[in-house]
Structure formats: C-alpha cells, structure tokens
Amino acid sequence: MIKIARGSFGEEELEEVRSAFDYGYLGLGHKVDEFENELKKFLNANYVVATNTGTSALHLALEALEIKPGDEVIVPSLTFVASFQAISAARAVPIPCDVYPDTLLMDMEAVNEKISKRTRAIMPVHYGGNPCDMKTLLEIKKDRGIRIVEDAAHAFGSTYFGKKIGGFGDITCFSFDSIKNITCAEGGAIVCNEPGLVEKLKIKRLLGIDRKNQTSLSWKERGWSYDVVDQGFRYHMSNLNAAIGLAQLKKVETFISRRREICVQYVSEFKNISSVQLLPVDYSVVAPHIFVILVLGNKRDKLIQFLKDRDIESSVPYVPNHLHSFYRTNTSFPNTDKVFNEILALPLHTELSDEDVWVVISSVKEFFSK
Ligand SMILES: Cc1ncc(COP(=O)(O)O)c(C=O)c1O
C-alpha cells in the first residue's frame, strides 16, 4: 500500500527518547525547554509555547485572547474540524467563510462580509502549507481591532514574503501530530510576540499554575510552592514528545526538500492533464504538508477507487465543516461546495521512494488516458 501520509523516524528519535528516559522524568521539563528554544531558532521567533496537540494550541490561543462565549471567530469552512472544535471549545461561535476556488485559501472578500459587531477573531488556515493573504488580514486587524489566530498546522517551515510563518498574526499555532512536516507523535506549538500573552499562555497551559520567578521547566529546579491564578488546562507538552520533536527538527530541511521535490514532480507530470486543475503553489517558499489537485468533470470518486485498486491511498481534505451536523448552517459557500466534489490529496511524505512516486504518477495518468 502506498500510504497518503506518514511520519519518518528512526534511531535518532530513539536516541533522544532514551536520553529522556535516562533523565528520569517524562513530563513537562527540560526537553520541552530545549524544543521550544530550537523552535525559536528555526522560526526566528521571540516566544514559543509547546503544547500537547495543535488543537489544544488553537484552543489555548483563543482562551488567552479572552475570546468569550458568544464571540464570533471567522474561519474557512474548508479546514480540518480541529479548527472549528477549538473555537467551540472556547464557547465561541465559528463563522464559516468561503475560500478562493483556485488556492483554496480564505477569501478576503468573504471574510469582510462575515465581520459583525461580535467578531473578535479571524482564524486563517494555511491550507496545505500555502500562506493565506496575511497582508490583508493584518490591515483588517489594524482597522477593526480584530485578533488574528493563524492555524498553521500545515505550514511548519513555509515562508511568506521572505519570513517564516510564525508571528504574522497575534498568535500562530502549529501541529506536530504523527503525519505533519515534523512530528512529536502528538504535539503542537504556539508562536506569539506579546510577552503578556505568552505569560498567560504558559499559565493556562498548565492548570492556571503560576510558579513565580521560575525560568526553567526542569523539575530538579522546581520548588514546592505555587499559586493558581487563572482557569487553565492540561495542555503542556511532555519531555517524551519533545525528545522526538528535537530529533525531527534536525532533519526538517531534508524533510521539506523531499516534500517539495515530490510536489514539483507531480506538477510537471500532471500539468497537461485537462481534467486536473493544479493549485497555484510556489514550492520554492511553501513547505507542503499535503498535495491536493482538483479533479474536474465528476471523476474524483472514480479516481479514488482506481487508485485504491492499485494499492494507492488518497483522500479528500476536508469535508467542509458547514456540512457536519454539529456545525451545519443554512448559508451556502459556492466555491467550497464546488471544490468539495473535486479535491483530492495524493500521497505525500518523506518515506515515499522514487518508485512509489512514479507508481502514483503513472496510475493517475493511466486513469485519465482511458
Ligand atoms: C488545519 C488543521 N488544524 C488543526 C489541526 C490540529 O492539529 P492536531 O492534530 O495536532 O491536534 C490539524 C491536524 O490535522 C489540521 O489539519
């Protein structure tokens, strides 16, 4: 089976995990400190707060921004349900909006139409790793005082106007789940440039506990005394997950180059297939998480079956959230509704061999040549 996605890990990760074992403490501790510091260097960020998932990072971000029950957060319908769940976990109302039909990124006109008196935040999703129009969003933030929480679960390593994603909005959230550009098995991280907010994020990440004047997460340096100053959550990353992330970070450039190489090859092989519409992605700046095509002429589901018969996995990212029972609305989203019948993600991960990539390419070509 050629898997659509998977992580790439081995001896280096085991070595780091072993050193976490040797230290004798697997919870929130020095490895998390180290991982946050390495992330800061990689992203060129001032502050990073590591979490146990990307979903908890998004929820924590909204809580730290004091998004209240009934407040509205604008988010593209075409995203993984995690973005929506984070908003509803904060008892806020996710307001779905449409995407552009070619890039599948949040449509800025649609965003403007959805802004109401209750809009407190906008959550752009950098779909596939391709950055949204952050320039326009930052203008909206400036003009209307609306907070921007970037869902950058797909975009670890992507750049926007020469700067890595992580710090354009008020808060940027990454995911390091088992199939992301780097993995911690499960994990996430928040980038934020406001020291006051960072303090809040750290306190809320661990049950509202404030250990005044403690600068290190090392349990050996931790005193017994603490105060609880806020409603919090148990959203911290563990030493064990951070250890895996540390080993992964050392390979991130290799991972990104291989992902780019595969995408560029797909693009060059599929560009002349009339029933395939490619997304306009600049792979010299995007660190791709998924490779998505639009299959025109009602052929998408037949292609899925054709690939499955050849042991090739593919998938549809995602079922638009306005179609789920829990988030259903009466509004229609013309572009999202249209592309939902056309989107298809093909295998993209760093364990794909050249031969695997070729099998995917030739199978897709064979399907369309019939
Ligand atoms: C767009 C998007 N947002 C958020 C998440 C949540 O990340 P995690 O799985 O780490 O909770 C994901 C994960 O797949 C995602 O694809």
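## A tour from the ligand outwards

Start by selecting the ligand: 17 residues surround it, and the closest are Gly54, Thr55, Asp151, Ser175 and Lys180. Here a residue counts as near a molecule if one of its heavy atoms lies within 4 Å of it. Before going further, note that this is a predicted model, in which local features need pLDDT of at least 70, side-chain atom pairs count only at pLDDT 80 or more, and totals for chains, interfaces and linings use all residues. Residues are numbered from 1 along each chain as its sequence is written, and side-chain values use heavy atoms, with hydrogens and water left out.

**Stop 1: around the ligand**

Show the polar contacts (pairs of N or O atoms within 3.5 Å). An oxygen atom of the ligand lies 2.7 Å from a polar backbone atom of Gly54. Now pick Ser175, where an N or O atom of the side chain is 2.7 Å from a ligand oxygen. At Lys180, a side-chain N or O atom is 2.6 Å from an oxygen atom of the ligand. Taken alone the ligand exposes 390 Å², of which the protein buries 92%; these accessible areas come from the Shrake-Rupley method with a 1.4 Å probe.

**Stop 2: two domains**

Next, colour residues 11-249 as domain 1 and 252-369 as domain 2, bounds that come from an automatic or database domain assignment. Their C-alpha centres lie 26 Å apart. Across the boundary, 37 residues of domain 1 are in contact with 34 residues of domain 2, contact meaning heavy atoms within 4.5 Å.

**Stop 3: the seven-stranded sheet**

Switch to a cartoon view, with helices (H or I, at least four residues) and strands (E, at least two) taken as DSSP runs numbered from the N terminus. Look for an open sheet with mixed pairing and the strand order E1-E9-E8-E5-E4-E2-E3; two strands pair if DSSP finds at least two bridges between them. At the edges are E1 (48-51) and E3 (93-97), each pairing on one side only. Neighbouring strands are turned by 25° against each other on average, direction ignored. (Axes are lines fitted to C-alpha atoms, for helices over the stretch in contact, and angles run from 0 to 180 degrees between N-to-C directions.)

Zoom in on E2 (residues 72-76), which pairs with E3 in the parallel sense over five bridges; Ile74 stands opposite Ile95 in E3. H6 (residues 134-144) lies across E4 (119-122) and E5 (147-151), at about 150° to E5. H7 (residues 195-205) packs on the sheet, touching E1, E5, E8 (171-175) and E9 (188-192), and its direction makes about 20° with that of E1.

**Stop 4: the three-stranded sheet**

Now select the open antiparallel sheet E12-E13-E14. Its edge strands are E12 (276-278) and E14 (343-346), and the twist averages 40° from one strand to the next. Four bridges join E13 (residues 291-295) to E14, with Ile293 opposite Leu344 in E14. H10 (residues 300-309) lies across E13 and E14, running at about 20° to E14.

**Stop 5: two backbone details**

Which peptide bond is cis, with omega near 10°? Select Pro317 and Tyr318: the bond is the one from Pro317 to Tyr318. Tyr318 sits in the loop between H10 and H11 (334-340). Finish at Leu104, which has a positive phi of about 70° although it is not a glycine. This residue lies in the loop between E3 and H5 (108-114). For background, most residues other than glycine have a negative phi, and most peptide bonds are trans.

How values were computed: A polar contact is a pair of N or O atoms within 3.5 Å; within protein, one must be able to donate a hydrogen and the other to accept it, and residues adjacent in sequence count only if both atoms are side-chain atoms.
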